[in-house]
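Have a look at the model first, then read on.

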Amino acid sequence: MIKELHSYAFGIGTKNSNGEIIEVFYPRPKVDVNELETKRLLEISSLKTAGFIELSERQADQIRESFKEGLFEDQAGIFDGVSAAKTSILVLQVEDVAPTTIPEAYLKLHLLSHRLAKPNSINLNGLFGVLKNIAWTNHGPIDLIDLPSSQLAARAKGEMLSIDSVDKFPRMTNYFVPSGVRIADTSRVRLGAYIGDGTTVMHEGFVNFNAGTEGVAMIEGRISAGVLVGSGSDLGGSSSTMGTLSGGGTELVSVGENCLIGANAGIGFPLADGCTIEAGLYVTAGMKINRLDENGVLIEVVKAKDISSVKNLVFRRNSLSGNVECIPDASSISLNEELHSHN
Amino acid sequence: MIKELHSYAFGIGTKNSNGEIIEVFYPRPKVDVNELETKRLLEISSLKTAGFIELSERQADQIRESFKEGLFEDQAGIFDGVSAAKTSILVLQVEDVAPTTIPEAYLKLHLLSHRLAKPNSINLNGLFGVLKNIAWTNHGPIDLIDLPSSQLAARAKGEMLSIDSVDKFPRMTNYFVPSGVRIADTSRVRLGAYIGDGTTVMHEGFVNFNAGTEGVAMIEGRISAGVLVGSGSDLGGSSSTMGTLSGGGTELVSVGENCLIGANAGIGFPLADGCTIEAGLYVTAGMKINRLDENGVLIEVVKAKDISSVKNLVFRRNSLSGNVECIPDASSISLNEELHSHN
Amino acid sequence: MIKELHSYAFGIGTKNSNGEIIEVFYPRPKVDVNELETKRLLEISSLKTAGFIELSERQADQIRESFKEGLFEDQAGIFDGVSAAKTSILVLQVEDVAPTTIPEAYLKLHLLSHRLAKPNSINLNGLFGVLKNIAWTNHGPIDLIDLPSSQLAARAKGEMLSIDSVDKFPRMTNYFVPSGVRIADTSRVRLGAYIGDGTTVMHEGFVNFNAGTEGVAMIEGRISAGVLVGSGSDLGGSSSTMGTLSGGGTELVSVGENCLIGANAGIGFPLADGCTIEAGLYVTAGMKINRLDENGVLIEVVKAKDISSVKNLVFRRNSLSGNVECIPDASSISLNEELHSHN
């Protein structure tokens, strides 16, 4: 018998002109569901493993009845809004399985952005295939099949549909803004990003789904899918963390704590705590590097990936010799207090 | 006698407070117009070479009459919307001439984005001078002369005009979304871009007007005006194709098929099929390069532009010597199937 | 006795659900206020040094009475709009002091963007602490404490709040568009930016508050807080001017007149007039550079910051030796006439 759900959520969906659900908004997804609530949700929904239902009036009433018994207390504040919508949804999964429907896929993305699951910790297999490519407009999400007629109709009335994105992933902030963050240009943080408390994502920053920051961070560079950045780190403007989805290497990149990747710099290997990459330098995984001691004496020539566990290194390209070298760094960077204490 | 128009379109225009047209939306522009339709359009419009008319009720009726004769069949689905608008427009050009009015300029830009004309194939002379600088807002396009009063009026009502762009070129997607594309941040693709079927433009990607991709491509870098990217190529995050409009060189850049320009890399010369630029390396046209054979033996020192027709080269900066070199590459890149099969 | 105010403005504010002002729009801020107007404003407001009042009906009438006496003539066109709003504000400062309230902070930012104060010329101490982190949406600014309920309410009605930014600084253009500028992606220019007449900020350009351009310029790179770019200069795509707020150095960066910073290049030191940084090269303040004469003969090895007053230098990384060098440049760049003459 099932004792505990991995996760569930009540949400509001949008349908296209064919009556298909194209996206779902879950204001308060929940993980680690207790036994009583688990039992009730499975009864009401008749779901067995993972899936979703569109809530009928009767089912919505059953949920409301449950509030009186003290169940789903944390959902009371949002359920009236959810059940007032045209398409109200209950999604759940008994175990963390690959998403096979749009409501399940959106549950996964919400879990990440609500900080209920860390990047690389949940099953996202097949996600791209499940998600629909949608026009995200100032009048909400519109399926591409419905877009031309919507655009023409708006124009005929003297209005204009403004389309922010044509993509499988929406902006995170249109679904949830986690506590203690600033995101200067929300179009650059996808739903499914995990943004730690105390993180500022500046205009040039970017965070893909299933990627993010552990805590306080200044992000003016790009965090590729799968990459997690440790607390106290700073990614300079246009800096790059090489991804594995397209074009990049196969080495899974990460950034430790208190690292600084300079403006226009980049890494193709995991960076240990306290490391600095000089502005403008791109260090790939297989790049050969002169490793120097604290006196500047050559110790060895190594590939970057082979010293990816060594902390407190500074990587730079010697401006006179042109070679790439790394040296131990005793000092450490510190983020600007004023910038980060007021999120 | 004129037998065939180069192109025509029915559209909906916006006027400023002076009654001047400031932009036009053409839902279905058309090229290679047949003899009968050509004759009819010239009759109805009284136009001789290139230009536009605002459709009167009588002219709109004449178009509708023509539908019954089987003319303009492809326009039937959009003409009701067009003619219902306040400012309905017919634009045409007998030959491909330089645009001299805003409706003509917008026709050119539409032809490119509807994939009816390839970049560098049509006459855009004087385009900048014809286009108006406009505030593109959540309430549609507003001429800058009308903006301050519109902003104040909105505020007085407790609303806010949100301005996405102050520019001569609007977002392509507010006019047309071609088939098989994803454009994660639509503010970075101008009307007049040519986006091939199967192209994904990620958040950091950018495509200017009169530029684009031939087919399947992953674009996380910047495609400057005049640059066309071949099928199967990948432009890494923040990568640059040097433009000729401002600041860059005079060498017209292009990217062949199956190329990879790494993150934060760039080119100032045409790149042949199958070439790779290492992440972080900017190769300008006149840059001297050590050309190596497959065994790493120096063949010659050449300028980048002098080997722009050589395929399957890898360009990199040697991390130990600091010099820029290129070597033959037998392997080839392949785009991620899952990412591109679901556009 | 106070004879002249440093500045004042009438504006429209937005309040959160607690009745606190979260931002203010000033359509026509004013500096160098004459004696009569100064006297009147101090009388009406009862303010002594710096601060704001919410205009009562009576106070608004007093302002209107003053128009009849010829006072505040420049404000007549906007005062009806301002006083029609729910929250009408008068802000003033006798001297240029650190902002301690949100209306004062917004006055400072407006002064910069209206070109009434140059970057680094006014007191912005404590600005970050005063400003509130706000969700900037297609329905105006919303305090983060009110956001979840607003998002749910919109969804329940089948609408979607689209959030452009979660930040302390709004887009400049939603407050003011100065004359003679194009800003292709307005999300990348903060209120408090100073954008000179004749400047084009392309999609990849960015301008922070208290930073900007003196006059004609082509900006495709990032202008960090505190950085001012001279007339006739061109910042290439993704180019970087190192900031001092976070992660960067302590050297205050600036860019002279007629400079060119190539695409993906960057500087960490002040650049003198007529200097060029080659595409892809990042020159930090302490970087050692081979300084060559016009014949390419080595003069000396210097740190970049030590030649920051030398004009007309070209900085490049020698592609064969790998070292960074600079040489005198007789030629000068010129911006594309057609691009800039039609703003």
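## How much is buried

Buried area is the accessible area (1.4 Å probe) that two parts lose on being put together, summed over both. Between chain B and chain C it comes to about 3900 Å², with carbon and sulfur atoms giving 52% of that. On the side of chain B, the residues losing the most area to chain C are L152(B), R155(B) and M160(B), together 18% of what that side buries.

This is a predicted model, where local features need pLDDT of at least 70, side-chain atom pairs count only at pLDDT 80 or more, and totals for chains, interfaces and linings use all residues. Residues are numbered from 1 along each chain as its sequence is written, chains are lettered from A and ligands numbered from 1 in the order in which they are written, and side-chain values use heavy atoms, leaving out hydrogens and water.

## Who touches whom

Counting contact as heavy atoms within 4.5 Å, chain B brings 49 residues and chain C brings 52 residues.

There are four salt bridges between chain B and chain C (a side-chain nitrogen of Lys or Arg within 4 Å of a carboxyl oxygen of Asp or Glu). One salt bridge pairs the side chains of D167(B) and R182(C), at 2.9 Å from N to O.

## A hairpin in chain B

Strands here are DSSP runs of E, at least two residues, numbered from the N terminus, and two of them pair if DSSP finds at least two bridges between them. Strands β6 (residues 134–137) and β7 (residues 140–143) of chain B run antiparallel, joined by four bridges. A135(B) has I142(B) in β7(B) as its bridge partner, and a hairpin of two residues links β6(B) to β7(B).
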